[in-house]
Amino acid sequence: MSLHVTGRATYAPSPRNVTNSPRNVTNTSRNVTSSPRNVTNASRNVTSSPRNVPAHPPSGELSPPERAVLRGGAGGFTLHIDLEVGPGEVLALLGPNGSGKTTLLRTIAGLHPLDGTLTVDGEHWSDRSPQQRSVGLVLAQPLLFPHLSALDNVAYGLRSRGHQRAASRQRAYAELAAVGMESFAAQRPSQLSSGQAARVALARALAPGPKVLLLDEPLATLDPATRSDIRGMLRDRLRGYPGCTILVTHDTLDALTVTDRLCFLEGGRIVATGSPREVVARPTTPYAARMVGLNLLAAEVMDGRVLVNSNEIQTSARIGDGAAWVGIRPSAISLWPAPPHGSPRNLWQLIVDGIELSGQTARVALTGAVDVVAEVTTAAVADLDLRPGAPIWVTVKATEVDVYPKTGGA
Ligand SMILES: Nc1ncnc2c1ncn2[C@@H]1O[C@H](COP(=O)(O)OP(=O)(O)OP(=O)(O)O)[C@@H](O)[C@H]1O
């Protein structure tokens with residue numbers, strides 16, 4: 001099973017979009033909460049539930065932020081995509097708000113038109129209706145049918161595809177067992193915790209054996225402890241799934257621990273891809289660097305000298321001339337009240353821009369000749385009397401500065 005999607009998906013700038021937009025159907029909170037039908041079979045949203053499709057919402061009915069989202073901004077939006085997902089591969093789709101992640105999922109599910117081609121398992125899907133696509137979908141809200149048991153929620157997709165009741169329930173039971181929920185088979189959604197409901201939602205999406213599994217921030221609404229639990233379950237369950245999975249997330253841990261490959265979207269384009277290991281070691285976009293907590297500086301290498309904002313950076317790395325990235329781990333940055341002496345190192349006097357505490361560690365944003373974040377102990381914050389606006393001496397050993405070409409890395 002493999003998936004290849006290439007082409008464009010566009011939202012026109014015209015406000016007329018509001019009346020036709022598929023986004024009206026699945027993504028506004030009104031639709032999501034009003035009908036669980038939205039979830040189990042993406043196609044149903046569009047065709048079979050008029051309740052969900054406000055044909056001509058009176059202009060006063062939408063709030064200004066809702067209208068802005070539906071319009072896609074004054075200039076509209078175009079997703080340019082060329083993406084392959086291999087058999088059994090779990091791909092993380094990452095990027096800032098509005099970069100096109102959900103649009104890509106919707107395009108694959110057939111809920112948004114594609115000007116291009118989509119092949120899955122060698123079959124052309126571009127002209128198929130959403131109903132004809134073998135897609136499982138999980139959203140942030142599990143949206144289970146409240147009047148059905150967990151078992152019948154999971155069996156629903158099979159039943160609606162014409163499978164016998166007994167066979168559907170047997171399969172549904174196996175799917176519940178695969179996510180550790182067999183003992184909750186008879187429970188109604190109102191009797192389940194948020195984590196249990198998330199497990200049932202995954203079982204429901206996988207029960208019909210879809211070729212493609214689309215997960216749009218499935219852990220986003222869970223509390224941290226449940227999230228960590230469900231993240232482990234997701235990783236285990238997906239390991240045995242032969243189809244193609246795309247997981248949209250804003251969470252670094254989800255991306256690094258659940259997926260095989262990371263794909264970064266920005267402004268509707270793929271700007272970087274790489275394995276979790278590659279992205280952690282050498283991110284190539286500021287967004288990716290922030291996600292993995294690395295300082296990333298745009299540099300130019302000229303005659304072997306590495307320049308950031310015309311400041312030379314000392315590094316033991318050697319690369320050819322041209323555009324490059326400089327990567328510095330926050331923990332490799334040392335702060336001093338006065339300039340220290342010693343081995344070859346970078347020395348700057350910078351200004352403290354902000355301080356964030358997390359347990360025993362503080363992240364100190366620094367600005368000046370270079371803009372970096374340093375990670376120090378909270379004790380150091382007190383000892384150095386760090387506060388926004390204060391000058392501070394900053395060193396980084398040459399051996400701690402990685403330099404790589406802008407075209408390399410992930
Ligand atoms: N129905 C629509 N009509 C017009 N523009 C839309 C519509 N839906 C989304 N857009 C615009 O398309 C762009 C991409 O939106 P999309 O929801 O795909 O982003 P995203 O990366 O999933 O964002 P987030 O992380 O906030 O969920 C945004 O500029 C958005 O405003």
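Axes here are lines fitted to C-alpha atoms, for helices over the stretch in contact, and angles run from 0 to 180 degrees between N-to-C directions. Helices (H or I, at least four residues) and strands (E, at least two) are DSSP runs, numbered from the N terminus. The model is predicted: local features need pLDDT of at least 70, side-chain atom pairs count only at pLDDT 80 or more, and totals for chains, interfaces and linings use all residues. Residue numbers start from 1 along each chain as its sequence is written.

**View 1. Packing of helices H10 and H11.** H10 spans residues 194–206 and H11 residues 224–239; their axes lie 10 Å apart at an angle of about 20 degrees. The two helices are therefore roughly parallel (angles under 35 degrees).

**View 2. Residues in the contact of H10 with H11.** H10 contributes Ser194, Gly195, Ala198, Arg199 and Leu202, and H11 contributes Thr226, Asp229, Ile230, Met233, Leu234 and Arg237 (contact: C-beta atoms, placed from the backbone, within 7 Å).

**View 3. Burial of strand E3.** Of the 5 residues in E3 (residues 90–94), 5 are buried (20 or more other C-beta atoms within 10 Å of the residue's own, with C-beta atoms placed from the backbone). Val90, Ala92 and Leu94 cover one side, and Leu91 and Leu93 the other; both faces are covered.

**View 4. Strand partners of E3.** E3 pairs with E8 (residues 244–248) in the parallel sense over 4 bridges (pairing: at least two bridges found by DSSP), and Val90 has Thr245 as its bridge partner in E8. E3 also pairs in the parallel sense with E9 (residues 261–266), over 4 bridges; there the bridge partner of Leu94 is Phe264.

Note on methods. Parallel < 35°, antiparallel > 145°, perpendicular 65-115°, else oblique. Contact = placed C-beta atoms within 7 Å. Buried ≥ 20, exposed ≤ 12 C-beta atoms within 10 Å, placed from the backbone.
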